[in-house]
Amino acid sequence: MTETLTLAHKELTDLRRNRFMVVLFAFLAVTVVLSVVVASADFRLKIADYHHYLDALAASGNAAAVPAPQLFPLQMLRGGIEYLEIIGSLFAVVLGYSMITKEKGRGTLQLIFSRPLGRYAFAGGKILALVLLWTATVTGLFIVITATLLLVGNAPLQGGDYLRLALAAAHTIAYLIIWSLLAMALASLTRRTGTGLILALVLWLIVVLIIPQIGDTMDPDNQIPGGLFASLQVDASHEQAVMAHFTGYETTRDLIEQSSVTKQYERATFAYLGIKTEYNQQPLGFIWAGTFNNTLWLLAGLALSVSAALLAATKKTILRKAP
Amino acid sequence: MNRWTAIIIQELLCTARERLPQLLLAVFVGMIAASAFIGSSARASVAGVYREVVRQGLTTAPNPFDALSPLYYARNTVIYIVLIGALLAIVIGVRSTLRDRQARTADLILSRDVRPSHYLGAKLTGLALFILALLAVSAVINIGCISIVTGHAMSFDDGARIASLYAVAWLFMLPFVGLGMASGICSSSSTTALLVPIVIWSVMIFILPLLGTAAHPVSLLNPVAAPPAAQSGFFAVTSSLVAPLSLGEQFKHVSALILSDPQATGTMTSGLLIIAAFAAAGCAAATMTGRVRMRSELHD
């Protein structure tokens, strides 16, 4: 156990000194903050449009009541969450990959394994460091996001909102750890520098971009700008009645989407943040009942990636693949 | 065989032999082949939904997919070029120059009477030809798959439009090859060499469009563009600043016009000029690297 902690401590020290990783994390933070700023500007624009519309109605002598656009602060995080699922996972891949390749490049693997380490101590130390790093980084990111919501978005957050943010952060930590550990496992299993990274990038491309893209494109409502049902002037209740006739197609589409861990993460976080309309302003118990399978799949992915990293980064496997 | 041709042939051989870019290549060609079938499945579901909506008497609007052009089935291709094609271009560009640095062949080659710009220009030409061949094959596959889905051979006019799409795709992928090559030469490690152009790509594809139109990153993966934010105030300023740099959106706009997308408006001149300017900048970045930089050691 002590050796695992020592290795984790060494990893964290290495990462703190790695300027490139610091720049990447800063870039991620700036990106997420920018998305909140843009969402806030978009909402202000909608409010301004609404007032113009009211003025125009009043000028024409029409007194019809038009509901004002409602601000749900956590919905402003949609872009930020999507950046975490796309760009965050990309950086997680690089981080996990670099945990192994730096040892291979420096030739320190042989030195480390000359010590009497337990079979899983090396991998355990790296995994622990990744868990601590992502926990600290994502916590920091969500603090920055919350501050941006409060200051730039001028959004009043309630007590329950902080809990929802914490739940979204917990899902984000699990999601990013999965990607780092998968990349770490692939880097351990490949001999050439770069091979593991490209393999991890291909996996990232398929899971993060291609599978969700296929599912998204197959959605009938995504075939027309503004939505198919909106263009046909069909309201939400009738939409569900119509789609009930296409359960086979919808199930296939759903299965395609569910095969991507990214979609599992997205569905759960969108629900807790109220970005998905059906979960907006709903109690946490209701959201859990609707999305627990997404959270469980995410946890299954986490368990799988931890196992893969533990098994791939043993002395026997990793030294066989060392240059 | 002159030196220029020898370098081009060598580059083509090396790129074709690289196993990992081949993996990306397989994903790219596979998705191009699948795109027509994905489009066909989406169209069939929309037709079914429309029939059901009419049967229930919920609409009198015409079917939005009536008289649909076969080019509709190529819409997904555009997204795969932006995602997989650009990444493939980056990877082969990075591998091209990293290969020289890792094997220290740059030292040997530059000991001969070869100017670095000529050498890199020839390498870039080799990679450009490789991508051209890849896109030509993809275009044939795409036309074949669309013909299978529609049940008849594609007309000459539609075929010419698909060919034009791939010609623009070639121009779109060139700056990423150049960027990859430049990164492969300038970076201190192979990780940074791959990561830097990928970060630049992610900025151009996912971040800049959000600043200009408030479009959500995942919605950019859908070939049907989301309605943009009103172009006034904040977005009028940001859009004018970032739109010319949003290479992915420019390519998507030009492609939509080429594919006769009824929702696409405007002309393709500015989009084409921007894509060409990026291609020129990417090629210049790759070929203008100095001798010392080319011979610098990797610190992996």
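Predicted model: local features only at pLDDT ≥ 70, side-chain atom pairs only at ≥ 80, totals over all residues.
Local features are described at pLDDT of at least 70 and side-chain atom pairs count at pLDDT 80 or more, while totals for chains, interfaces and linings use all residues. Residues are numbered from 1 along each chain as its sequence is written, chains are lettered from A and ligands numbered from 1 in the order in which they are written.

Chain A has 13 helices and 0 strands (helices are DSSP runs of H or I with at least four residues, strands are runs of E with at least two, and both are numbered from the N terminus). The C-alpha trace spans about 85 × 45 × 35 Å along its principal axes. Taking contacts in chain A between residues at least 6 apart in sequence, 84% join residues at least 24 apart; a contact here puts two C-beta atoms, placed from the backbone, within 7 Å.

Now for helix α6 of chain A, residues 159-189. Its 31 residues should span 45 Å at 1.5 Å a residue, and the end C-alpha atoms are 46 Å apart, which agrees (the expected span is 1.5 Å times one less than the number of residues). Because 22 of the 31 residues are buried, α6(A) is largely enclosed by the rest of the structure.

Two packed helices are described by the angle between their axes and the distance between the axes. For α6(A) and α7(A), residues 195-218, the angle is about 140° and the axes are 8 Å apart (axes are lines fitted to C-alpha atoms over the stretch in contact, with angles from 0 to 180 degrees between N-to-C directions). The two helices are therefore oblique to each other; under 35 degrees would be roughly parallel, over 145 roughly antiparallel, 65 to 115 roughly perpendicular, and the rest is oblique. On the α6(A) side, A:Leu182, A:Ala183, A:Leu186 and A:Ala187 make the contact, meeting A:Gly196, A:Leu199, A:Ala200 and A:Leu203 of α7(A).

Further along, A:Pro220 sits in the loop between α7 and α8 (228-231) of chain A. A:Pro220 counts as buried because it has 25 C-beta neighbours inside 10 Å. Leaving aside neighbours within four places in sequence, A:Pro220 touches A:Leu228, B:Ala42, B:Ser45, B:Val46 and B:Val49.

Key
Buried ≥ 20, exposed ≤ 12 C-beta atoms within 10 Å, placed from the backbone.
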